[in-house]
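Here is a short briefing on one protein structure. Keep the sequence and the 3D view open as you read.

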Amino acid sequence: TTKGGATVGVMKLLSFTALVTVMVQAAVMWIDKARYGRWTSATLNIFTYNAAGGGDELYGVEPASYYVKNLLLNWNIVAPLGLCVLPLVYRSPSSKEERFLFPIYPMLCLAAVKTVDTAINWMGRIMASLSRHKEMEPRYRDSLHALLWIGAMILAISRTVALQKYYSAPLAIYSQLNHHNDHSDATTQLVCTCGEWYRFPGSYFLPESTRLGFLPSSFNGQLPQPFTEFGSRPEGQALLQPFNDQNLPFPGRFVTDPSKCRWIVDLEDSECFSNEVKYNILARRSFLDSERTAALHRVLYLPYLHERAVESGLVHYHTYVLAEVSSSSSSSSSL
């Protein structure tokens, strides 16, 4: 029967999915065994630490509305349309991150299309009852779909441009390091940051013979540290500073003397730049001050209106800078 065939099809799909999952997980665990020196499952570790152990709350908690805001920010009208068919029944830990929503994104898109298609079908039935046509003409259906999805696309483009224009300064500034590193000094040099350490895009942005350093700041938690030449293997564990699962700071992770830094990357008005050392600004980029900017202009980029909002004071910017620390310390800065 048709019902029996559908059941067999679903069982085949589930079996295939389970087989692929086991194969991928086995490959991942084999690679982890080679790098960590022991059998472990990163997926299981994440679950037990965040869900069972409650460790996620050490890194901040958010209300359930956090997910609603993120869905609207990143999916605009697609989010409510999708949730009409796909109710968000999702329990997560108190600490909420957008990545926890990633698994539902493909289903959200399909559900949004289903919602719109169903709504247009109902509109067609209503129109048919009021006119001589038995159903809505295809050109009208296509026009309604196009009107809605083009609007969603415009909002998505505006959001993408806003992210690039407002918040790409760290990427641009760290990229400038390669233009200001003469590569003549073989000794390892420090690129320092402080309060903006979490915006560091990755070690691939650092020139050769440099490493990241952290100046003291108001942040009072655990900071990352670079891998050793042994990576995650047991041989490297003895060379690393201790880690803890309570997000407690480790004093040895800081660079206490700013004069030991070759460069400093941070906001120009941050606590990184004190009077203890001389420094010269090599590059500047604008970075949106979200706390002093109107909500609409934080979310979307609106050509012409954004520039007018800057003039009227509804939009404010910080300045992200790359500064070179002078070799001689002084009681005053060169800014």
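Which residues does Gln176 touch, not counting residues up to four places away in sequence? Gln176 touches Ala283, Arg285 and Leu322. Keep in mind that this is a predicted model.

- Look for Gln176 in the loop between helix H7 (169-175) and helix H8 (177-180).
- Gln176 has a relative accessible area of 18%, and buried means under 20%, so Gln176 counts as buried.
- Leu282 is 106 residues away from Gln176 along the chain. Even so, the C-alpha atoms of Gln176 and Leu282 are separated by 8.7 Å.

**Helix H3 against helix H4**

- Two packed helices are described by the angle between their axes and the distance between the axes.
- Helix H3 covers residues 65-75, and helix H4 covers residues 78-85. Their axes come within 7 Å and cross at roughly 120°.
- H3 and H4 are therefore oblique to each other.
- On the H3 side, the contact is made by Leu71, Leu72 and Trp75. On the H4 side, Val78, Ala79, Pro80 and Leu83 take part.
- Sorted by class, this contact of H3 with H4 has seven nonpolar residues.

**The buried face of H3**

- Tyr67, Asn70, Leu71 and Trp75 are buried in H3.
- Seen down the axis of H3, these buried residues fall within an arc of 100°, so they line one face of the helix.
- What covers them? The cover over the buried residues of H3 includes H4 and helix H5 (105-130).

**Helix H4 against helix H5**

- H4 also packs with H5, at an angle of about 80° and with the axes 7 Å apart.
- That angle makes H4 roughly perpendicular to H5.
- H4 brings Val78, Ala79, Leu81, Gly82, Leu83, Cys84 and Val85 to the contact.
- H5 brings Leu108, Ala111, Ala112, Lys114, Thr115 and Val116.
- By class, the contact of H4 with H5 has 10 nonpolar, two polar and one charged residues.
- Val78, Ala79 and Leu83 of H4 take part in the contact with H3, and Val78, Ala79 and Leu83 are also part of the contact with H5.

**Positive phi values**

- Most residues other than glycine have a negative phi.
- Asn76 has a positive phi, near 40°, and is not a glycine. Asn76 follows H3 and lies in the loop between H3 and H4.
- Asn76 has 12% relative accessibility, so Asn76 counts as buried.
- Ser209 is not a glycine either, and its phi is positive, about 65°. Ser209 sits in the loop between E1 and E2.
- Is Ser209 buried or partly exposed? Ser209 has a relative accessible area of 33%, so Ser209 is partly exposed.

**Two disulfides**

- A disulfide is a covalent bond between the sulfur atoms of two cysteines.
- How many disulfides does the structure hold? The structure holds two.
- Cys192 is buried, at 0% relative accessibility. Cys261 is buried too, with a relative accessible area of 3%.
- A disulfide also joins Cys194 to Cys272, with an S to S distance of 2.0 Å. Cys194 lies in the loop between E1 and strand E2 (210-214), and Cys272 lies in the loop between E3 and strand E4 (277-288), so the pair ties together parts that are 78 residues apart in sequence.
- Cys194 and Cys272 are both buried.
- Number the bonded cysteines of the protein chain in sequence order, and the pairing is 1-3, 2-4.

- Cys84 has 58% relative accessibility, so Cys84 counts as exposed.
- Cys109 has 32% relative accessibility, so Cys109 counts as partly exposed.

Terms used: Residues numbered from 1 in each chain as written. Predicted model: local features only at pLDDT ≥ 70, side-chain atom pairs only at ≥ 80, totals over all residues. Heavy atoms only, no water. Axes fitted to C-alpha atoms, helices over the stretch in contact; angles between N-to-C directions. Helix = DSSP H or I, 4+ residues; strand = E, 2+ residues; numbered from the N terminus. Parallel < 35°, antiparallel > 145°, perpendicular 65-115°, else oblique. Contact = heavy atoms within 4.5 Å. Nonpolar A, V, L, I, M, F, W, Y, C, P; charged D, E, K, R; others polar. Disulfide = S-S within 2.5 Å. Buried < 20%, exposed > 50% of the residue type's maximum accessible area, 1.4 Å probe, protein only. Arc of directions from axis to C-beta.
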